[in-house]
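Please examine the model shown below. The paragraphs that follow lead through it one part at a time.

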Amino acid sequence: MNVRAAAANVLFLVVDKGHSLSNALPAAQQKVRPRDHALLQEICFGALRYLPRLESIANELMDKPLKGKQRVFHHLILVGIYQLSFMRIPAHAAVGETVEGTKELKGPRLRGLINAVLRNYQRNQEELDAMAVSHDAGKYGHPSWLLKLLKESYPDQWEQIVEANNNKAPMWLRVNHQYHTRDEYQALLKNENIDSTAHSEANDALRLAVPCDVTTLPGFDKGWVSVQDAAAQLSINYLTPKDGELILDCCAAPGGKTAHILERTQGCEVVAIDCDETRLKRVHENLERLKLNAKVICGDARNPQDWWQGEQFDRILLDAPCSATGVIRRHPDIKWLRRGDDIAALAELQSEILDAMWQQLKPGGTLVYATCSITPQENKEQVKAFLTRTANAQLEGSDANNPGRQILPGEEGMDGFYYAILKKSA
């Protein structure tokens, strides 16, 4: 399939139909040549990062918007504008291949229109680019509700957060401690001319200077290493699991943290639970590749009585469902799929799960509350409210007035993440 046509289809599914990029992109990649997978991803990610800017330019160049069955061709125009604005593809190739996309999208009569729009953009690019960034959404590539939230929550840091969200995420590896120390594996990478940098806190984390195909990583197929952001790897630092314990990883898919617990301990019984059967397939696949064993359960974390009749857990890692506003650089569709009123609904869900999980924790046990969000409502305010209503809960490692640790996107190359350590009174 024509790569530009495939990209237009992905944008149509995400922006107009509300599909996840994580689902739409892999399906589209199956329809193009393997050598074009990276190009398709670059176009889709980039267009979603700068969507308001591209929309402004397209709308300025069109006499009337494309609607109904023609909407996919609107997104084809965005694909063309993105290439001309941000990619090193020669302009004649970008325009020509984008126009060719009309054939596969069954709209050959729109060929002339799309060619004219893109040529017009080429002739007036400087003026149109200036117009497109004259408003905040176009300048910062974020919806107005999210910009407002960031400005209110992080008045001194919101611009750095926005910039980090619009940058490409680095590739982090988690070294499997059962095979190699981090230094040993870093030496193996060096032997393959793969440069990496160790993280200052996450003891198994290596950041690659240049992302690569996992099949080129030494021992990937043997389970020596996994791909996981350093911020997510810090969960092990806060959970501090001990050998032989009964541990629950709640909302566990795709299973990276489950695997990390097992890699770092001996004789632990780890239970991984998630409500999404499809995503649990990834947990099984990861455990199989790493040759690890956990009890994997599909269930609703709000109703543990439906899926757990065993004893209470020594430790619980609750990586709660959240807005994912800390991982926008990896999932730029989040900016356009989320709405401002989603935050309150998610905070209520998190509260229900937190209360339910607390009942499954042994007296003297530890629960680590985590999200990949940066909104205070889901994080420090959530923990404050829990401490207020829960007499036998004690906060560890942070100040009750500003509970937990908020990692912001881009901090030492990490995703945005939040952690709070809660201890249950004996």
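Helix 1 covers residues 3-16, and its 14 residues should span 20 Å at 1.5 Å a residue; the end C-alpha atoms are 19 Å apart, which agrees. The expected span is 1.5 Å times one less than the number of residues in the helix. Helices (H or I, at least four residues) and strands (E, at least two) are DSSP runs, numbered from the N terminus. The model is predicted: local features need pLDDT of at least 70, side-chain atom pairs count only at pLDDT 80 or more, and totals for chains, interfaces and linings use all residues. Residues are numbered from 1 along each chain as its sequence is written, and side-chain values use heavy atoms, with hydrogens and water left out.

How much of helix 1 is buried? Ten of its 14 residues are, so the helix is largely enclosed by the rest of the structure. Buried means under 20% relative accessible area, exposed means over 50%, and partly exposed lies in between (1.4 Å probe, protein chains only). Among the buried residues of helix 1 are Val-3, Leu-11, Phe-12 and Val-14. The buried residues pack against several helices, including helix 2 (21-29), helix 3 (37-49) and helix 5 (71-86). At the start of helix 1, a side-chain oxygen of Asn-2 comes within 2.8 Å of the backbone nitrogen of Arg-4. A polar contact is a pair of N or O atoms within 3.5 Å; within protein, one must be able to donate a hydrogen and the other to accept it, and residues adjacent in sequence count only if both atoms are side-chain atoms. After helix 1 comes Gly-18, whose phi is positive, near 75 degrees. Helix 4 (residues 51-61) is also mostly covered, with nine of its eleven residues buried.

The next part concerns strands. Strand 6 (residues 269-274) has five of its six residues buried, so it is largely enclosed by the rest of the structure. Strand 6 pairs with strand 5 in the parallel sense over five bridges, and Val-270 in strand 6 is the bridge partner of Ile-247. Four bridges join strand 6 to strand 7, and these two strands also run parallel; here Ile-273 stands opposite Ile-297. Two strands are said to pair if DSSP finds at least two bridges between them. Strand 5, helix 15 and strand 6 make a right-handed β-α-β unit, as do strand 6, helix 16 (residues 277-290) and strand 7. A crossover is right-handed if, with the strands pointing away from the viewer, the path from the first strand over the helix to the second runs clockwise.

An unreviewed UniProt entry carries a "binding site" annotation that includes Ala-252, Gly-255 and Asp-300. UniProt positions are given in the numbering used here, feature names are shortened, and annotations may be inferred rather than shown by experiment. Ala-252 lies in the loop between strand 5 (246-250) and helix 15 (256-263), and Ala-252 is buried, with a relative accessible area of 6%. Leaving aside neighbours within four places in sequence, Ala-252 is in contact (heavy atoms within 4.5 Å) with residues including Ile-273 and Asp-274. Gly-255 also has its place in the loop between strand 5 and helix 15, and its relative accessible area of 3% makes it buried.

Asp-300 lies in the loop between strand 7 (295-298) and strand 8 (313-319). Is Asp-300 buried or partly exposed? At 26% relative accessibility, Asp-300 counts as partly exposed. A polar atom of its side chain lies 2.9 Å from the backbone nitrogen of Arg-302.
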